[in-house]
Amino acid sequence: MPPTFTSKPLNITILGGGIAGLTTALSLTKFTPPNTPPPLITIYEIRPEPATIGGAVNLTPNALRLLSHLGALQEIHSAGAGAPCPAVEVFDLYTGSKIAESSFRGPEGKGLGDPAFQALRITRGEALEGVLAAIAKHANITLVCGKKTTKISETDEVVTLSFADGSSTQCDILLGCDGIHSVTRLLHVEPSRTATYSGICNAFGFAPLHPHQRPHFEASAMNFARGGMLLTSYHNKAQDSVYVGALMQVPLEEDLKSRDGWRARGKDAEKTRQDMLTRYAGAKELAIAEWIAEARDLYLWPVFTLSKHGKWATQRTMLIGDAAHAMPPQGESTGIVFEDGVLFARVLARWMEKSSSGDGNVAPVKEAFDAFEKLRRARIETAWEESQSVVKTVQEVGWFGHRLKMNIVPWYLWWTRGYREKHFVEDVTVCDIGY
């Protein structure tokens, strides 16, 4: 029978030292029940150090609110990282016309929700560094890098992990926060559920902003073309650099089939650059071609997804974030990951409270896992369906298809505005968890 938790800390292992694993660890610490010792959390990362490579993400109001609750947003602000994003403007690449925008300004121009936030465009590396700084302030969280998991086994009482260096460890609960190619899922939870290439890639880099260039956007622009969708955006406080990110159809090739395929293709930066210049030729904004031509650290990142339905948990192991439900980017992906960690932590805290009640009826931790899935499944499946529209939006089309798209996009953004804003104002640290 599991112990009560008023005297013995829960021992939790997290696989994955990325943003999902780190924010989940912060959430588990923050939402520990009163008069209960915080869990002892060990995060194992397969890389020699946390990976800071990646493009720039837009942290939406709900994501910023959660990072603030976890103490990470304060670290990001202290470092002066990121660029404010009051709205993402949508343009026809060929005419330069603004056809719509997705705004985070809110009714009074101060942002959405309570407390009010707009959005923040920030590199993945800077966001990760902010979360790591917050992690460093919690003695109960340990990050161990360079550990490759080779085996996971589980009994009614404990989960055992074996590593490539011959060592092993045991824990009360294992959380798989190790992304789309999750070892936790592939070795243990559901080995048959493998990642599928979506048919699209994200090519991205960072270009210097020259004095003669006058960006056509206030903060961030989504430029639609026949060959895909091109994001041009500020990403730093100085606004002296432009993030260039292209979502586009790329045929499946051998070097895209493996987990690290993007690295091989990324080394061939000039091939990717020429492809982007061809796809986004004819832009009304002349600086677009210049930004692509001068983009540094240019990478091509294939987007993999998981099937809509799948197994998230065993008796003592739970998948969080992309390890459970990876989907194409649809504007809220990072926020969804943060929500996963916070909601799971709150549900687990409630289970800990029940287990500490002293009535002798200690429920298995799977009860908390089931409660989390019941709380989260519908939201994830709706987001998954929405993400499929991204794949359709970036598919290559002719002139007629492009004109049709330019008429549909504004209508779609107007139609879905209420739904999006509902999530932007949401605060899952206080919502009803139904458990």
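Leucine 175 touches Ile12, Thr13, Ile14, Leu15, Thr24, Leu28, Met318 and Phe344, leaving aside residues up to four places away in sequence; contact means heavy atoms within 4.5 Å. The model is predicted: local features need pLDDT of at least 70, side-chain atom pairs count only at pLDDT 80 or more, and totals for chains, interfaces and linings use all residues. Residues are numbered from 1 along each chain as its sequence is written, and side-chain values use heavy atoms, with hydrogens and water left out.

**Cores**

Leu175 is among the residues with the most contacts inside the largest nonpolar core, together with Ile12, Ile14, Leu28, Met318, Phe344 and Leu348. This core has 65 residues, and helix α11 (residues 333-355) gives the most to it, with 11 residues. Apart from it lies another core, of 33 residues, including Tyr197, Val242, Ile292 and Leu300. A nonpolar core is a set of buried Ala, Val, Leu, Ile, Met, Phe, Trp, Tyr and Cys residues joined through side-chain atoms within 4.5 Å. Buried means under 20% relative accessible area, exposed over 50%, and partly exposed in between (1.4 Å probe, protein chains only).

**Sheets and the helices across them**

Helices (H or I, at least four residues) and strands (E, at least two) are DSSP runs, numbered from the N terminus. Two strands pair if DSSP finds at least two bridges between them.

An open sheet of five strands has parallel pairing and the order β8-β2-β1-β12-β18. Its edge strands, β8 (141-145) and β18 (317-319), each pair on one side only. The twist averages 20° from one strand to the next; axes are lines fitted to C-alpha atoms, for helices over the stretch in contact, and angles run from 0 to 180 degrees between N-to-C directions. Strand β1 (residues 11-15) is joined to the parallel strand β2 (residues 40-45) by five bridges, and isoleucine 12 stands opposite isoleucine 41 in β2.

An open sheet of seven strands, with mixed pairing, has the order β6-β5-β14-β15-β16-β13-β17. Here β6 (98-103) and β17 (296-305) are the edge strands. Six bridges join β14 (residues 220-225) to β15 (residues 228-234), and these two run antiparallel. The bridge partner of phenylalanine 224 is methionine 229 in β15.

| Helix | Strands it lies across | Angle |
|---|---|---|
| α1 (residues 19-30) | β1, β2, β8, β12 (173-176) | about 180° to β2 |
| α8 (residues 269-279) | β13 (196-208), β14, β15, β16 (241-249), β17 | about 80° to β16 |
| α13 (residues 399-424) | β5 (87-92), β6, β14 | about 20° to β6 |

**Helix α12**

Helix α12 (residues 366-393) has 28 residues and reaches 39 Å from its first C-alpha to its last, close to the 40 Å expected at 1.5 Å a residue. The expected span is 1.5 Å times one less than the number of residues. α12 bends by about 40° at arginine 376, the bend being the angle between axes fitted to the seven residues ending there and the seven starting there.

**Loops**

The loop between β6 and β7 (120-123) holds glycine 109, which is partly exposed at 39% relative accessibility. Proline 115 lies in the loop between β6 and β7, and a cis peptide bond with omega of about 0° joins aspartate 114 to proline 115.

Asparagine 35, in the loop between α1 and β2, has a positive phi of about 60° although it is not a glycine. Asparagine 35 is exposed, with a relative accessible area of 75%. Glutamine 239, in the loop between β15 and β16, has a positive phi near 55° and is partly exposed at 33% relative accessibility.
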